[in-house]
Amino acid sequence: MKRLWRRIRGPLARSIVVKHVLAWLIALSMRFIKATNRRAAGCHDLESVFRAEPNAVFALWHGQHLLAPVIKPRWMPLVALFSRSTDAELNAMVAQKFGIETVRGSGGRPDQQAHGKGGARALIQMKKALDAGTGVCMIADIPGGTPRSAGLGIITLARISGRPVVPVAIATSRRKVLEKTRDKTTVNLPFGRFCIIFGDQIVVPADAGDEMMEALRLRLTDAMNEITAEAYQKVDNSR
């Protein structure tokens with residue numbers, strides 16, 4: 001059986017049909033998890049926040065974002081950034097099941113075009129989406145970088161687009177933390193409590209220099225860590 005699995009796992013991983021089936025199953029499980037988690041007391045009403053500011057850059061942490069596609073209201077147009085890695089391809093397909101448009105590239109550092117990661121091109125595509133009135137969702141920390149430390153890419157997008165960054169934290173009381181992963185990826189589970197917390201908007205002036213960009217990057221990092229801790233506190237203490 002092991003030899004058979006080694007022979008077929010490569011073709012299966014490359015099969016577009018298999019990927020679509022997996023994406024459909026994952027999307028179905030996400031809907032089930034969201035439906036079976038009741039809202040914890042004191043959490044924010046996502047509909048009112050999204051209606052008040054749908055055309056913003058919504059920031060999430062790596063490993064804490066798995067439920068993000070299912071919380072998007074159906075009426076809200078949204079573009080999300082995914083890396084060009086093979087692993088991210090399935091994640092992008094899942095997002096598309098929820099009506100989310102995808103941009104492939106890396107948003108951690110705006111100079112990554114030179115390294116073949118499509119950073120500059122991705123930022124241009126997301127700016128066009130924001131200019132058209134569409135919201136954008138980005139993972140704030142850099143893949144392979146320090147977990148839960150915002151990169152400059154998301155700050156750069158806010159500067160060139162003139163749109164604010166809105167920190168977002170999602171938590172469930174029932175969860176499985178993958179301790180061996182760098183970012184402590186958290187798998188949300190059903191039959192618990194759910195919470196979403198939005199942080200205050202961060203506006204980046206068009207003429208922001210390097211010093212201000214770095215200060216705002218640190219401000220975003222602190223804001224996201226604060227609301228992440230708050231979201232977990234609310235789901236763990238709510239009854």
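**Pockets, a cavity and a buried strand**

In this predicted model, the second largest pocket is lined by Arg-31, Lys-34, Leu-46, Glu-47, Pro-69, Val-70, Ile-71, Lys-72, Pro-73, Arg-74 and Phe-98. Its volume comes to about 270 Å³. Sorted by class, that lining holds six nonpolar and five charged residues, with no polar ones. Three elements, H2, helix H3 (46–52) and H4, each put in at least two residues. H4 gives the most to this lining, with three residues.

Next comes the largest pocket, with a volume of about 1100 Å³. Of the 50 residues that line this pocket, His-62, His-65, Leu-66, Asn-91 and Ile-139 are the closest to its centre. Quite a few elements give two or more residues to the lining: helix H2 (16–35), strand E2 (57–60), helix H4 (68–71), strand E3 (78–82), helix H5 (86–97), strand E5 (135–139), strand E6 (165–172) and strand E8 (186–188). H5 gives the most here, with six residues. As for the classes, the lining of the largest pocket has 31 nonpolar residues, 14 polar ones and five charged ones.

Besides these open spaces, there is one cavity of 30 Å³ or more.

E6 and E9 pair in the antiparallel sense, over five bridges.

How many of the six residues of strand E9 are buried? Six of the six residues in E9 (residues 193–198) are buried, so the strand is largely enclosed by the rest of the structure. The side chains of a regular strand alternate between the two faces of the sheet. In E9, both faces are covered. Arg-193, Cys-195 and Ile-197 are buried on one side, and Phe-194, Ile-196 and Phe-198 are buried on the other.

Ile-196 also belongs to the largest nonpolar core, a group of 32 residues in which Phe-58, Ile-170 and Ile-196 touch the most other members. The largest share of this core comes from H5, with five residues. H5 is also the element that gives the most to the lining of the largest pocket. A second, separate core has 27 residues, including Val-57, Met-126, Ile-155 and Leu-157. As a general point, nonpolar side chains in soluble globular proteins tend to be buried together.

What is Phe-58 in contact with, leaving aside its neighbours within four places in sequence? The list is Phe-50, Glu-53, Met-76, Leu-78, Val-136, Cys-137, Met-138, Val-166 and Val-168.

Key. Residues numbered from 1 in each chain as written. Predicted model: local features only at pLDDT ≥ 70, side-chain atom pairs only at ≥ 80, totals over all residues. Heavy atoms only, no water. 1 Å grid on protein atoms, 1.4 Å probe; cavity = no way out; pocket = protein on both sides within 12 Å on 5 of 7 lines; lining within 4 Å. Points joined across faces, edges and corners; volume = space filled by probe spheres on them. Helix = DSSP H or I, 4+ residues; strand = E, 2+ residues; numbered from the N terminus. Nonpolar A, V, L, I, M, F, W, Y, C, P; charged D, E, K, R; others polar. Buried < 20%, exposed > 50% of the residue type's maximum accessible area, 1.4 Å probe, protein only. Pairing = 2+ DSSP bridges. Core = buried A, V, L, I, M, F, W, Y, C linked by side-chain atoms within 4.5 Å. Contact = heavy atoms within 4.5 Å.
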